[in-house]
Amino acid sequence: MPNINSIREIRKEYIQESLDEKHMHTSAIQQFQVWWNEALKSEIQEPNAMTLATASADGLPSARIVLLKDFDEKGFVFYTNYNSFKGQQLAENPRACLVFFWKELERQVRITGVTTKVSAIESDEYFNIRPEGSRIGAIASPQSQVISNREWLESEVKQLQNKFSSDAIKRPEHWGGYRLMPAIIEFWQGRPNRLHDRLQYTLQEDASWKIERLAP
Ligand SMILES: Cc1cc2nc3c(=O)[nH]c(=O)nc-3n(C[C@H](O)[C@H](O)[C@H](O)COP(=O)(O)O)c2cc1C
(Lines give C-alpha, C1' and ligand atoms only; values in the text may rest on other atoms or scores of the structure.)
Protein backbone atom coordinates (compact mmCIF):
# COMPACT_ATOMS: atom_id res chain seq x y z
CA MET A 1 0.00 0.00 0.00
CA PRO A 2 1.74 3.23 -1.07
CA ASN A 3 1.93 5.79 1.71
CA ILE A 4 2.24 9.54 1.29
CA ASN A 5 6.02 9.37 1.48
CA SER A 6 6.30 6.84 -1.32
CA ILE A 7 3.94 8.92 -3.49
CA ARG A 8 6.25 11.86 -2.99
CA GLU A 9 9.14 9.74 -4.12
CA ILE A 10 7.59 8.94 -7.51
CA ARG A 11 9.46 11.10 -9.99
CA LYS A 12 10.96 10.69 -13.41
CA GLU A 13 13.59 12.63 -15.28
CA TYR A 14 12.62 13.50 -18.84
CA ILE A 15 15.55 12.97 -21.11
CA GLN A 16 14.42 11.97 -24.60
CA GLU A 17 14.00 15.07 -26.73
CA SER A 18 14.07 18.86 -26.88
CA LEU A 19 12.12 21.55 -28.72
CA ASP A 20 13.95 23.99 -30.90
CA GLU A 21 12.00 26.82 -32.54
CA LYS A 22 14.20 26.40 -35.63
CA HIS A 23 12.92 22.87 -36.22
CA MET A 24 9.24 23.45 -35.51
CA HIS A 25 6.64 23.91 -38.24
CA THR A 26 5.28 27.42 -38.70
CA SER A 27 1.77 25.88 -38.66
CA ALA A 28 0.54 24.44 -35.35
CA ILE A 29 -1.60 21.90 -37.19
CA GLN A 30 1.36 20.67 -39.20
CA GLN A 31 3.42 20.49 -36.02
CA PHE A 32 0.62 18.48 -34.40
CA GLN A 33 0.66 16.18 -37.45
CA VAL A 34 4.38 15.53 -36.90
CA TRP A 35 3.83 14.67 -33.24
CA TRP A 36 0.76 12.62 -34.09
CA ASN A 37 2.77 10.52 -36.55
CA GLU A 38 5.44 9.99 -33.91
CA ALA A 39 2.79 9.02 -31.33
CA LEU A 40 1.40 6.43 -33.78
CA LYS A 41 4.86 5.06 -34.48
CA SER A 42 5.72 4.79 -30.80
CA GLU A 43 2.86 2.29 -30.33
CA ILE A 44 1.28 4.22 -27.49
CA GLN A 45 -2.01 2.57 -26.59
CA GLU A 46 -4.88 4.85 -27.63
CA PRO A 47 -2.76 7.85 -28.65
CA ASN A 48 -6.07 9.52 -29.57
CA ALA A 49 -7.28 9.54 -25.95
CA MET A 50 -7.38 13.15 -24.76
CA THR A 51 -8.75 15.06 -21.81
CA LEU A 52 -11.60 17.38 -22.76
CA ALA A 53 -12.13 20.23 -20.32
CA THR A 54 -15.36 22.20 -20.44
CA ALA A 55 -17.02 24.74 -18.17
CA SER A 56 -20.56 25.87 -17.47
CA ALA A 57 -21.51 29.47 -18.22
CA ASP A 58 -21.09 30.21 -14.50
CA GLY A 59 -17.58 28.72 -14.49
CA LEU A 60 -18.07 25.22 -13.05
CA PRO A 61 -15.24 23.19 -14.62
CA SER A 62 -15.40 19.58 -15.71
CA ALA A 63 -13.04 17.25 -17.56
CA ARG A 64 -13.06 13.74 -18.95
CA ILE A 65 -11.33 11.61 -21.58
CA VAL A 66 -12.72 11.41 -25.13
CA LEU A 67 -11.22 10.03 -28.34
CA LEU A 68 -9.92 12.18 -31.16
CA LYS A 69 -11.51 10.98 -34.41
CA ASP A 70 -10.22 13.50 -36.95
CA PHE A 71 -8.10 16.62 -37.21
CA ASP A 72 -7.05 19.09 -39.87
CA GLU A 73 -6.85 22.87 -40.40
CA LYS A 74 -10.54 23.12 -39.47
CA GLY A 75 -10.05 21.62 -36.02
CA PHE A 76 -10.10 18.56 -33.77
CA VAL A 77 -13.13 16.26 -33.84
CA PHE A 78 -14.59 14.00 -31.16
CA TYR A 79 -17.96 12.26 -30.83
CA THR A 80 -20.32 12.10 -27.91
CA ASN A 81 -23.88 12.43 -26.67
CA TYR A 82 -25.08 16.03 -27.16
CA ASN A 83 -27.33 15.67 -24.08
CA SER A 84 -24.47 14.53 -21.83
CA PHE A 85 -23.05 16.75 -19.11
CA LYS A 86 -20.26 17.88 -21.47
CA GLY A 87 -22.88 18.51 -24.16
CA GLN A 88 -24.87 20.71 -21.77
CA GLN A 89 -21.75 22.63 -20.80
CA LEU A 90 -20.72 23.10 -24.44
CA ALA A 91 -24.22 24.38 -25.27
CA GLU A 92 -23.87 27.01 -22.52
CA ASN A 93 -20.21 27.76 -23.18
CA PRO A 94 -18.58 26.46 -26.36
CA ARG A 95 -15.05 27.27 -25.22
CA ALA A 96 -13.09 24.13 -24.34
CA CYS A 97 -9.64 22.68 -23.98
CA LEU A 98 -8.08 19.37 -25.04
CA VAL A 99 -4.98 17.83 -23.47
CA PHE A 100 -2.96 14.89 -24.76
CA PHE A 101 -0.38 13.23 -22.50
CA TRP A 102 1.90 10.93 -24.48
CA LYS A 103 4.01 9.74 -21.60
CA GLU A 104 6.13 7.35 -23.66
CA LEU A 105 7.35 10.40 -25.62
CA GLU A 106 7.47 12.68 -22.55
CA ARG A 107 5.07 15.00 -24.37
CA GLN A 108 1.95 16.98 -23.65
CA VAL A 109 -0.18 18.99 -26.07
CA ARG A 110 -2.78 21.52 -24.94
CA ILE A 111 -5.32 22.83 -27.43
CA THR A 112 -7.64 25.69 -26.49
CA GLY A 113 -10.47 26.88 -28.67
CA VAL A 114 -14.15 27.02 -29.47
CA THR A 115 -16.34 24.03 -30.32
CA THR A 116 -19.11 23.74 -32.86
CA LYS A 117 -21.17 20.68 -33.77
CA VAL A 118 -20.02 18.90 -36.92
CA SER A 119 -22.62 18.57 -39.70
CA ALA A 120 -25.29 15.87 -39.46
CA ILE A 121 -23.80 14.30 -42.59
CA GLU A 122 -20.35 14.06 -41.01
CA SER A 123 -21.82 12.57 -37.81
CA ASP A 124 -23.85 10.07 -39.86
CA GLU A 125 -20.74 9.01 -41.77
CA TYR A 126 -18.83 8.31 -38.59
CA PHE A 127 -21.79 6.70 -36.79
CA ASN A 128 -22.32 4.29 -39.69
CA ILE A 129 -18.78 2.92 -39.58
CA ARG A 130 -18.95 2.19 -35.83
CA PRO A 131 -19.43 -1.44 -34.80
CA GLU A 132 -23.01 -2.50 -34.16
CA GLY A 133 -22.50 -2.76 -30.40
CA SER A 134 -21.23 0.83 -30.20
CA ARG A 135 -24.13 2.10 -32.32
CA ILE A 136 -26.67 0.33 -30.09
CA GLY A 137 -24.88 1.61 -27.00
CA ALA A 138 -25.06 5.20 -28.27
CA ILE A 139 -28.82 4.88 -28.64
CA ALA A 140 -29.41 2.97 -25.42
CA SER A 141 -27.38 5.08 -23.03
CA PRO A 142 -28.74 8.41 -21.75
CA GLN A 143 -25.16 9.50 -21.12
CA SER A 144 -24.55 11.33 -17.82
CA GLN A 145 -28.07 10.75 -16.47
CA VAL A 146 -28.72 8.81 -13.26
CA ILE A 147 -30.03 5.31 -14.00
CA SER A 148 -31.52 2.83 -11.53
CA ASN A 149 -29.10 -0.05 -12.12
CA ARG A 150 -26.95 -1.94 -14.64
CA GLU A 151 -29.83 -4.31 -15.49
CA TRP A 152 -31.92 -1.39 -16.80
CA LEU A 153 -29.16 -0.47 -19.27
CA GLU A 154 -28.68 -4.06 -20.40
CA SER A 155 -32.39 -4.54 -20.97
CA GLU A 156 -32.50 -1.33 -23.07
CA VAL A 157 -29.68 -2.74 -25.20
CA LYS A 158 -31.50 -6.11 -25.58
CA GLN A 159 -34.73 -4.43 -26.65
CA LEU A 160 -32.89 -2.40 -29.30
CA GLN A 161 -31.04 -5.48 -30.56
CA ASN A 162 -34.36 -7.28 -30.98
CA LYS A 163 -36.01 -4.28 -32.63
CA PHE A 164 -33.41 -3.39 -35.27
CA SER A 165 -31.46 -5.31 -37.87
CA SER A 166 -27.82 -4.14 -38.03
CA ASP A 167 -28.16 -1.65 -40.92
CA ALA A 168 -31.38 -0.19 -39.53
CA ILE A 169 -29.52 1.27 -36.54
CA LYS A 170 -29.43 4.96 -37.42
CA ARG A 171 -27.67 7.76 -35.57
CA PRO A 172 -29.94 9.37 -32.99
CA GLU A 173 -30.06 13.18 -33.28
CA HIS A 174 -28.64 13.60 -29.80
CA TRP A 175 -25.39 11.83 -30.73
CA GLY A 176 -22.72 13.38 -32.92
CA GLY A 177 -19.46 15.20 -33.28
CA TYR A 178 -17.95 18.41 -32.05
CA ARG A 179 -15.08 20.18 -33.76
CA LEU A 180 -12.78 22.26 -31.58
CA MET A 181 -11.25 25.05 -33.65
CA PRO A 182 -7.95 25.88 -31.95
CA ALA A 183 -6.91 29.40 -31.02
CA ILE A 184 -3.87 28.26 -29.03
CA ILE A 185 -1.83 25.04 -29.18
CA GLU A 186 0.98 24.41 -26.73
CA PHE A 187 3.61 21.74 -27.34
CA TRP A 188 5.37 20.54 -24.18
CA GLN A 189 8.45 18.37 -24.14
CA GLY A 190 9.84 17.06 -20.87
CA ARG A 191 13.49 18.02 -20.12
CA PRO A 192 15.87 17.23 -17.28
CA ASN A 193 15.58 19.05 -13.94
CA ARG A 194 12.01 20.14 -14.73
CA LEU A 195 13.36 22.69 -17.23
CA HIS A 196 10.88 21.56 -19.84
CA ASP A 197 10.47 23.05 -23.31
CA ARG A 198 7.14 24.73 -23.99
CA LEU A 199 6.29 26.31 -27.32
CA GLN A 200 2.93 28.02 -27.62
CA TYR A 201 1.30 28.74 -30.99
CA THR A 202 -1.37 31.46 -31.06
CA LEU A 203 -3.54 31.87 -34.15
CA GLN A 204 -3.30 35.36 -35.65
CA GLU A 205 -5.94 37.28 -37.62
CA ASP A 206 -4.11 36.60 -40.90
CA ALA A 207 -4.31 32.82 -40.11
CA SER A 208 -0.58 32.58 -39.35
CA TRP A 209 0.65 31.31 -35.98
CA LYS A 210 2.70 33.32 -33.49
CA ILE A 211 5.20 31.05 -31.70
CA GLU A 212 6.37 31.91 -28.18
CA ARG A 213 8.43 30.04 -25.62
CA LEU A 214 6.86 29.68 -22.18
CA ALA A 215 8.71 29.11 -18.94
CA PRO A 216 8.31 25.61 -17.57
C1 LIG B 1 -10.16 5.96 -22.98
C2 LIG B 1 -11.54 6.59 -22.92
C3 LIG B 1 -12.14 7.02 -24.09
C4 LIG B 1 -13.41 7.62 -24.06
N5 LIG B 1 -13.93 8.09 -25.23
C6 LIG B 1 -15.12 8.75 -25.20
C7 LIG B 1 -15.63 9.37 -26.39
O8 LIG B 1 -14.99 9.39 -27.46
N9 LIG B 1 -16.84 9.98 -26.31
C10 LIG B 1 -17.56 10.03 -25.14
O11 LIG B 1 -18.64 10.58 -25.14
N12 LIG B 1 -17.08 9.48 -24.00
C13 LIG B 1 -15.88 8.85 -24.01
N14 LIG B 1 -15.37 8.31 -22.84
C15 LIG B 1 -16.18 8.43 -21.61
C16 LIG B 1 -16.01 9.84 -21.03
O17 LIG B 1 -14.75 9.94 -20.36
C18 LIG B 1 -17.14 10.24 -20.07
O19 LIG B 1 -17.28 9.30 -19.02
C20 LIG B 1 -18.48 10.38 -20.77
O21 LIG B 1 -18.35 11.00 -22.04
C22 LIG B 1 -19.45 11.20 -19.93
O23 LIG B 1 -18.89 12.46 -19.65
P24 LIG B 1 -19.77 13.70 -19.15
O25 LIG B 1 -20.72 13.17 -18.12
O26 LIG B 1 -18.79 14.68 -18.58
O27 LIG B 1 -20.48 14.27 -20.36
C28 LIG B 1 -14.09 7.75 -22.83
C29 LIG B 1 -13.47 7.33 -21.65
C30 LIG B 1 -12.22 6.78 -21.69
C31 LIG B 1 -11.54 6.38 -20.40
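Colleague: In what order do the elements of the protein chain run from the N terminus on?
Modeller: The order is α-α-β-β-β-α-β-β-α-α-α-β-β-β, which comes to six helices and eight strands. Helices (H or I, at least four residues) and strands (E, at least two) are DSSP runs, numbered from the N terminus.

Colleague: Where do the numbers come from?
Modeller: This is a predicted model, with local features needing pLDDT of at least 70, side-chain atom pairs counting only at pLDDT 80 or more, and totals for chains, interfaces and linings using all residues. Residues are numbered from 1 along each chain as its sequence is written, and side-chain values use heavy atoms, with hydrogens and water left out.

Colleague: Which residues are around the ligand?
Modeller: E46, R64, I65, V66, L67, Y79, T80, S84, F85, K86, Q143 and S144, each with a heavy atom within 4 Å of the ligand.

Colleague: And the polar contacts?
Modeller: Those are pairs of N or O atoms within 3.5 Å. A polar side-chain atom of K86 is 2.6 Å from a ligand oxygen atom, and a polar backbone atom of I65 is 2.7 Å from a ligand oxygen atom. For S84, a polar side-chain atom lies 3.4 Å from an oxygen atom of the ligand.

Colleague: Switching to helices. At roughly what angle do the axes of α5 and α6 cross?
Modeller: Roughly 120°, with the axes of α5 (residues 132–140) and α6 (residues 150–163) coming within 9 Å. Axes are lines fitted to C-alpha atoms, for helices over the stretch in contact, and angles run from 0 to 180 degrees between N-to-C directions.

Colleague: Which residues meet there?
Modeller: I136, I139 and A140 in α5 meet W152, L153, E156, V157, L160 and Q161 in α6, contact being heavy atoms within 4.5 Å.

Notes:
Polar contact = N/O pair within 3.5 Å; in protein donor to acceptor, adjacent residues only side chain to side chain.
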